[in-house]
Amino acid sequence: MPDKSFNKDADRDPHGIFDYVIVGAGSTGSTLAGRLAENPRLKVLVIEAGGSNLHPMIHMPIGYGKLFYDPKVNWKFQTEPEPALTGTPMYWPRGKVLGGSSSINAMVYVRGHPNDFNEWGAVAPGWSWEDLEPYFRKMENWKGSPDQTRGGSGPLSVTDVSEKVHPLTNAYLKAASQLGFPINTDYNGTDMEGATIYQTTTDKGFRASAYTAYLRPVKNQKNIQVLIKAHAKKIIFEGKKAIGIEYFHKGKTKFAQVNREVILSAGALLSPHLLQLSGIGSAPLLQRHKIAVLHNLPDVGQHLKDHLSIDHTLLVNQPSLNQVLRPIWGKIKVGLEYIFKQTGPLSMSVNQGGGFIKSDPSLQVPDLQLYFSPLSYTVAPNGTRPMMSPDPFAAVRIGFSPCKSTSEGRVEINSNNAFVAPKFYGNYLSTDYDLQMMVKGMRLMRKFTETPALKEIVTKEFSPGQNVQSDAEMIDFARQNAGTVFHQCGTCRMGTDPSSSVVDQKLRVHGVKALRVADASVFPTIPSGNINAAAILVGEKAAAILQEEA
């Protein structure tokens, strides 16, 4: 039953009853809302805790370095102290703005390996690669060489920037080739494996977010309402059927009623939190915070997965982007170029090169993702990353992250007050596999620096440095220096078994009615690369499920 202290009639949303209320206008929520709004018979409300996307640094691709710590567009979450990372908390930026994290991320577009989605399909029928590949094509507006495997008319611009990268990035590709890795011109095509130039969600020099692609084009239609700075407090139920959302907006607590369903798209960190606030989760945890248990669902907030990376900083004998982006004159020059032409370094992501490779040729699928940036910055002792203030010397960063980490974290409610953030536990490097992958990756980075291509330009390994050689020393370095690449997912994972999942293959929350979750929290396993494309895909798939049922 609804909270008796809350008068849903007195505080009802003045715009009436909605067919769907979507909580969160992020990567998945914007996509889902935009697709549902295509049906003029549906009335949709989107509740977004953040504000508008008018911040100029959102639209300038490299501007995400300025958004990394900006509370106006960023939740700025932080984990509890991480035992395997010398007790240091990990900083978790998440988008608090229209478009969510697709408005503040590094814009690297990765579909994922077909095997990733076959893993999903094994536990959630209808989510295998064969089922999902058409949705990737549907969502893409591919700006590269014509390819029948890529979508050419979708709402999301995906751009091939290989002709625009810094020359040092091409040296990285040459080094990869010298190590025997294939050079892949389209890792989102028929084969993921190889070194590559990363494709980005950009359009003519501007960021392409899920909001600009899906929601902005329909937000003025009569059948959709988008509320910003509206903080969802909890789901309201009659019995075990969701009937609406209680939210805080413009100084008042309000109630939005649905005649169909409530859909949580608040992301992998906040969707489980909202379920817990609403009485759905581990019964002992909820009771500890004096929350009445509506449905005991222990997996809520569990099985959090993420990608953990290590970078090597290499001093080079020719200018990197450090010499362009650090001095005032350089900032002015590239700033003017971007203002008048929307070209140059400010129109790019700093993650220019990378790829997906096998640490052992006998493997069936890649197990390491690679990164190359033609600039460097020194992380401060408190973990601050000054991405827009690169080092004063010429240097680059080359790094990696294991594709399939096995450590699992969790999200736990910290209070029955909806404005108190939950507790986050990354639980990084808690398995032997993850530790050994750190060693494999670091040894591979050393092999890169030994190639003729990099020997021509690298003068010194600035970090980790030659005092880090043994496996034990590498593991110690990883514990002190590894960082997330911000791919948290899996906290409301899909599955047909309610004892080991939170939602079914139709995204319906087990044990209750008229409530679904659609965002990266539903991933049964973590994809091999950057997860934003997969989060947008969930929005496309969720819309198709709802349209089919309607």
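Biologist: In which helix does Phe340 lie?

Modeller: This is a predicted model, in which local features need pLDDT of at least 70, side-chain atom pairs count only at pLDDT 80 or more, and totals for chains, interfaces and linings use all residues. Residues are numbered from 1 along each chain as its sequence is written, and side-chain values use heavy atoms, with hydrogens and water left out. Helices (H or I, at least four residues) and strands (E, at least two) are DSSP runs, numbered from the N terminus. Phe340 falls within the run of residues 328–341, helix H11.

Biologist: Is Phe340 buried or exposed?

Modeller: Buried means under 20% relative accessible area, exposed over 50%, and partly exposed in between (1.4 Å probe, protein chains only). Phe340 has a relative accessible area of 66%, so the residue counts as exposed.

Biologist: What is the radius of gyration of the protein?

Modeller: The protein contains 15 helices and 24 strands. The globule rule (2.2 Å times the number of residues to the power 0.38, with the radius taken over C-alpha atoms) is the reference here. For 550 residues that rule gives 24 Å, and the protein is as compact as a globular protein of that length because its own value is close to this, at 23 Å.

Biologist: What share of the 550 residues is buried?

Modeller: The accessible surface of the protein comes to about 21,300 Å², with 52% of it belonging to carbon and sulfur atoms. Among the 550 residues, the buried share is 62%.

Biologist: Within what arc do the buried residues of helix H4 fall?

Modeller: In helix H4 (residues 114–123) the buried residues are Asp116, Phe117, Trp120 and Gly121. Seen down the axis, they line one face of the helix because their arc (that of the directions from the helix axis to the C-beta atoms) is 135°.

Biologist: Against which helices do the buried residues of H4 pack?

Modeller: Contact means heavy atoms within 4.5 Å. The packing partners of these residues are helix H5 (129–139) and helix H15 (532–549).

Biologist: How far apart in sequence are the parts tied together by Asp19 and Arg260?

Modeller: The structure holds 21 salt bridges, and one of them joins the side chains of Asp19 and Arg260 at 3.7 Å, N to O. Asp19 lies in strand E1 (residues 18–23) and Arg260 in strand E13 (residues 252–264), so the parts tied together are apart in sequence by 241 residues.

Conventions:
Areas by Shrake-Rupley, 256 points an atom, 1.4 Å probe, with all protein chains shown as cover. Salt bridge = Lys/Arg side-chain N within 4 Å of Asp/Glu carboxyl O.
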